[in-house]
Structures are given as C-alpha cells and as structure tokens.
Amino acid sequence: MDEAEWAFFAPFLIENRSRGGRRPQDHRKVLDGIFWITRTGWPWRDLPAEFGNWNSVQRQYRRSTEAGIWDVMVAALAESDAVDTNMQMIDSTIVRAHQHAAGGKREIHRNAIGPSRGGLTTKLHTRTDAQGRAIGFCLTPGQASGMAAYGDLMQEEAPDPAAMLADKGYDSDDIRDDLERRGAGPVIPTKSNRRVQRPVDKATYGLRNRIERFFDRFKHSRRTATRYDKLASSFLGFVQLATIRRWIRFVRAT
C-alpha cells in the first residue's frame, strides 16, 4: 500500500475494538499481508515472514471480517462523492470452489456452495453503480438463479436507481414491478418466450459491459477467482477487499 491508500484504511483498523486476542502492533503490515493473500491466492501458511506470523495475520483477518470492518469500508466508499447511483446494474458470476473449500453436504449448502456445471461452485451476485463499482454483494450456491438474490441486493444501503440494467435472467414480472415501485426504469431485455416483447434502448443497455468488466478485474485477485475458503463469510471478505482496492484507485483518480 502507498501512503494515500493507508490513509483510507488506518481509521477503520486502528479504531477497531474487536473482542479477543492481542491487537496487532503494525496494522499496516498485517493489512499488506492480507492483500498479498488476496492477490496471490496462496495458503496462509505460505505468507512471507516479512508480513509477520501467518497465524496472527489470519486471526486478525477473521476478527476484522466478523466485526464487519470490510462491510463498513465498502459502505463508506459507496457513499463518497464519486459514486453514481442514478443508473445501476445487477449481475452474477460463477466462482469455482477448490476442494479445500468443500466440506460435508450440509456444510457446503450453509456456506453458499452447490453443484453446477463444472463441479461445486459459488455464485457471486453484485449490484454496481453506473461506472461498474460494486455497492452490494450476495452469495448463493452455484446452481441458484440470478433472481434468487435480487431481494437481498436491493436491501443494500444505497439509493434507489432511476434505471436498472440487467440481462434476460432478471426478466420477471416481480422484479419489474419492484423496480417500478422504487421509481426505477428496468432496462432488461425480454425473454424470447414472452408474449409481450418490451423494447430496450440499445445504447443504454450497452453500458452493462461495465459490470462485466468489474467481474473481469475482480478475478485478477486469485483468492476471489477461485474459492479456497470453507466459510462464506471468509470468501466474501476477500471479495470485499479486492473491491475496496479497486474503489480506492478510482476515487483517487477523480
């Protein structure tokens, strides 16, 4: 991390009063170690010694995750002046679950892992602003449809959009009715088996590639491109960290 990035993270970590264990002596070094794991996807035991004891860094990651520190950071960035929520997008992507992430049958379903094409997977559902910057996440087993997470995504603390972009997988009367109640115009293509075909402005719908680019950049971090974590909360924490790093770079550029 450079000085500008650390200036953003420092207040959240230093003021964290999570219970249990000793507080780390060097928050910045610990966070650098967490980012190293996020980017490389390596096991915690392979964390270079320069970041400190791997077990201590892992425990601090779990404490921060359980305390909701990463959630607070994403919310803070989503409330910045750089956010553009007038137009929003929702979509999902499949993340393959490594064999280390899979436990017993009951355990994997509780932690958002399920069978789909290619084996056990997790589906990451995301809601973004007009520039493709994430403002909300939801995890489901890989076989779940995109519509299954719509309600949870719309409960995120973010303003209702004037327009919502999504692909045909979100073409349902319930979703369209909900968006209209929120005062949002659904920019969603109609499924071919629909009796009534609704027109979509192609120029506006073409902007949906921004959320696709988000997923592409998000998977540059190997810890999020493949799921190695048994717990859904641990995996979601890495998702949030990868997103926060991208958010900060954009905010600084503006």
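## Close-up views of a predicted model

View 1. Thr 40 belongs to helix α2 (helices are DSSP runs of H or I, at least four residues, and strands of E, at least two, numbered from the N terminus). Thr 40 is buried, with a relative accessible area of 19% (buried means under 20%, with a 1.4 Å probe and protein chains only).

This is a predicted model, where local features need pLDDT of at least 70, side-chain atom pairs count only at pLDDT 80 or more, and totals for chains, interfaces and linings use all residues. Residues are numbered from 1 along each chain as its sequence is written, and side-chain values use heavy atoms, leaving out hydrogens and water.

**View 2. The largest nonpolar core.** This core has 29 residues, and Phe 9, Leu 13, Leu 31, Ile 34, Trp 70, Met 73 and Ile 244 touch the most other members (a core joins buried Ala, Val, Leu, Ile, Met, Phe, Trp, Tyr and Cys residues through side-chain atoms within 4.5 Å). Two or more residues come from each of α1, α2, α3, α4 and α11, and α4 gives the most, six.

**View 3. Confidence along the chain.** The mean pLDDT (the predictor's confidence in each residue, from 0 to 100) of the protein chain is 88. Helix α5 is lowest, at a mean of 70, and strand β5 highest, at 96.

Definitions and conventions
Buried < 20%, exposed > 50% of the residue type's maximum accessible area, 1.4 Å probe, protein only.
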